Amino acid sequence: MGIEIIRYLLSEIILVLLQYFLIQEINFGTWIKPMPYILFLFTLPFTLNRFALLFIAFFTGLFLDSLSNMGGLNAAACITLAAAKTWTDSNLLNTDAIILQGYKYLSPAYKNFRYYSTYVLALTFIHHWVYFTLDYSTFSAFFTAFIVSLLSTAGSFAFMLLFRILANIK
C-alpha cells in the first residue's frame, strides 16, 4: 500500500511538471490548450474515498495554480472533475464488476476503447468547460469558451493516450 501511494504521488508530480514545463510552453494555437495532467485523476482507484478524491483533486489543481499563477482555475476545474467522476462512477458505472475483473480504475482493457474514451472525453470536457468558462469569464465569450473546451478536450485526450502508451499504463 505504501508503494502505491508513492507511485501515485510521483505520477501526479510528473504529470503536473510536464504540464507546466513542457505542454504549456508549446504553442498549439489560440484554440487548443491541452491539459493532460488530469490523467492522474482518472488513474485513482474506485475504492478511494470520495472526500479523499476531492482533496487530491484540489491539491493537484492548487499545485499547478501555484506554479502558473492562475488564481485557482485549475483547482476549481479539478474539484468539478472529481465530483463528476464520483457521480459517474457511482451512478453510471458498475464499479463492483470492474473491481471484480481485476481493474482498479476504468481502462481501455475493461470493455473496449469506445467505452473508455466516452468516459474520459466526457469528464475531460467537463473539466475544460469549467476551466475556460472561468478563464474567459464573460457571457459574450460563451461560444469561444465552448469551442476552446472542445478542441482542448481532443488535444488533452490525445496527450493522455500518448502518456498511457509511454508509461505502459494498462
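Predicted model: local features only at pLDDT ≥ 70, side-chain atom pairs only at ≥ 80, totals over all residues.
Local features here need pLDDT of at least 70, and side-chain atom pairs count only at pLDDT 80 or more, while totals for chains, interfaces and linings use all residues. Residues are numbered from 1 along each chain as its sequence is written, and side-chain values use heavy atoms, with hydrogens and water left out.

Me: What makes Phe42 and Tyr119 an edge-to-face pair?
Reply: Rings of Phe, Tyr and Trp (its six-membered ring) pair if their centres lie within 6.5 Å; planes under 30 degrees apart count as stacked, over 60 as edge-to-face and the rest as tilted. Phe42 and Tyr119 have centres 6.1 Å apart and planes at 65 degrees, so the pair is edge-to-face. Phe42 lies in helix α2 (residues 39–42) and Tyr119 in helix α6 (residues 113–136), 77 residues apart. Helices are DSSP runs of H or I with at least four residues, numbered from the N terminus.

Me: Why is Phe132 called buried?
Reply: Buried means under 20% relative accessible area, exposed over 50%, and partly exposed in between (1.4 Å probe, protein chains only). Phe132 has 0% relative accessibility, so Phe132 is buried.

Me: How do you know that the charged end of Lys111 sits over the ring of Tyr115?
Reply: The rule asks for NZ of Lys or CZ of Arg within 6 Å of the ring centre and within 35 degrees of the ring normal. The charged end of Lys111 is 4.6 Å from the centre of the Tyr115 ring and is counted as sitting over that ring. The charged end of Arg7 sits over the ring of Tyr8, at 4.8 Å from its centre.

Me: How do you know that the buried residues of α1 are on the same side?
Reply: The buried residues of α1 are Tyr8, Glu12, Leu15, Val16 and Gln19. They cover an arc of only 95 degrees, taken from the directions from the helix axis to the C-beta atoms, so they lie on the same side of α1. On the other side, Ile3, Ile6 and Phe21 are exposed.

Key
Helix = DSSP H or I, 4+ residues; strand = E, 2+ residues; numbered from the N terminus.
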